[in-house]
Amino acid sequence: MNSVFRSLLFAAVAVRLVAASGPGDADGLLLDRVWSGTPVSFALLTARGHQFVAYYDADRRLTVAGRALGDSRWETVRPPGVPVPSRQRDSNVAGWDSHNYLRLALDREGCLHLSGNMHVDPLVYYRTREPYALATLERLDRMTGEREARCSYPVFFNDAAGGLLFRYRDGSSGNGSDLYNIYDPAKRTWRRVLDTPLLDGEGRRNAYALDPVLGPDGFFHVVWMWRETPDCATNNHLSYARSRDFVHWETSAGQPLVLPITLARGEVIDPAGPGEGLINMTFNLGFDAGRRPVVVYHRYDAEHRSQVYAARPRAGGGWDVRQISAWDFRWGFSGNGSIPAEVTLGAPRLGTAGALLVDFTTKAAGSGRWRLRADTLERVAQLPPAPPPLPEALLRPASGVPGMEVQTVISEDAGRRWVLRWETLGRNRDLPRAEAPPPTELRLYELPDGDFNTAVRVGS
């Protein structure tokens, strides 16, 4: 690659250093002031003795900060972008879209990968030339070079051998396909895992899938629902597939699936149709004591009320489905854009004697935790909600602007836990507001093990 072309493609990044907080600073580390007009998830990655944060600064610019754990200073870069005419902004500048979250990953060599700020947009992708060296972050905006003009929902994750994979949607809501890439650190290149999409909407729909989850059975499990149009009320057919290698896919009973998986070819957990209450922001996956997947999700009952259901595969094929809530309200949703979640569900997790515990929150009926029987998934108790995962002081808005909400990202590594905190206005279906509130503080806290009442300094 000649030097002129490199200078155009890999524009230089501005670098600055931020001093860490001093000993005993209970307010954590003030990293920056950030965009607060709409909620969009930032990224916090802690691994192999290093820590990185990706966020949108007060001017909505994509910004990355990093340090070696134990270092007293942070290095910060603002990587360059390119014009996106359809958005009337550059690719490194955020708009009002809550879908445009950021994701970070490290490859085997320790090079940092960054993607995000995309919702049916050209691929936004950066990588460092050198391990852990943030100043070498380069704009690439290319992986395979194919089907990268209308990207959404980037996900980095590792396969069972530690290889780095990347999943994204090509297309739009109601018309899209899920594609998987795998990275070769020796060649510093990406290639497709499959010759086809994994989930293909056939130009008539798209899939909304959970991130692949490595289960205790050694399989990666994927759960999704289809959507016919951008209207969120058209979600339908909760579905499932599993794989050990992301190449060979099968049903819960071990029957091979023909790729790409379409609505007609997939294994269906619940055949709920459009308008029957499936919503892609409220479903989750866990595992029982027998290492079987258990899926919890929202849909309407026969009286059109909101309920939660739990589903688990049967040995001979098919799924057992049981209603576990008894609510008398209806969360009615429809239309386009990001909406607030009026029901949230935690992943089912093991309790005592093989029982399953499922955490829930609702706008209409409060919060709590259900205990489910190990053999039947019947609800046997409703318990008080679990203690908050963060100190209460961190969960209370402090800006004083009406409508502000606390946003957090948690990172854990080697027995230590950190939380990234900032404040924004709530979701607004991705539409601009007349005014944006002032930028809010982006702070990083380290939390002590087993004590959620106090946050401690992050200077080391």
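A charge is taken to sit over a ring if NZ of Lys or CZ of Arg is within 6 Å of the ring centre and within 35 degrees of the ring normal; by that rule, the charged end of Arg242 sits over the ring of Phe219, 4.1 Å from its centre. The model is predicted, with local features needing pLDDT of at least 70 and side-chain atom pairs counting only at pLDDT 80 or more, whereas totals for chains, interfaces and linings use all residues. Residues are numbered from 1 along each chain as its sequence is written, and side-chain values use heavy atoms, with hydrogens and water left out.

- Leaving aside residues up to four places away in sequence, Leu442 touches (heavy atoms within 4.5 Å) residues including Leu29, Phe42, Tyr55, Leu420 and Trp422.

- Four strands in the order 25-26-27-28 form an open sheet with antiparallel pairing, where two strands pair if DSSP finds at least two bridges between them.
- Strand 25 (283–287) and strand 28 (319–323) are the edge strands, each pairing on one side only.
- Strand 27 (residues 306–313) pairs with strand 28 in the antiparallel sense over five bridges, and Tyr309 stands opposite Gln323 in strand 28.

**Aromatic contacts**

- There are 25 aromatic pairs, counted where ring centres of Phe, Tyr and Trp (its six-membered ring) lie within 6.5 Å, with planes under 30 degrees apart called stacked, over 60 edge-to-face and the rest tilted.
- Tyr240 and Trp319 form an edge-to-face pair, 5.1 Å centre to centre with 65 degrees between the planes; Tyr240 lies in strand 22 (residues 235–243) and Trp319 in strand 28, so the pair ties together parts that are 79 residues apart in sequence.
- Tyr297 and Tyr309 form a stacked pair at 5.9 Å centre to centre and 25 degrees between the planes, and both Tyr297 and Tyr309 are buried.
- The charged end of Arg330 sits over the ring of Tyr300, 4.0 Å from its centre.

How values were computed
Helices (H or I, at least four residues) and strands (E, at least two) are DSSP runs, numbered from the N terminus. Buried means under 20% relative accessible area, exposed over 50%, partly exposed in between (1.4 Å probe, protein chains only).
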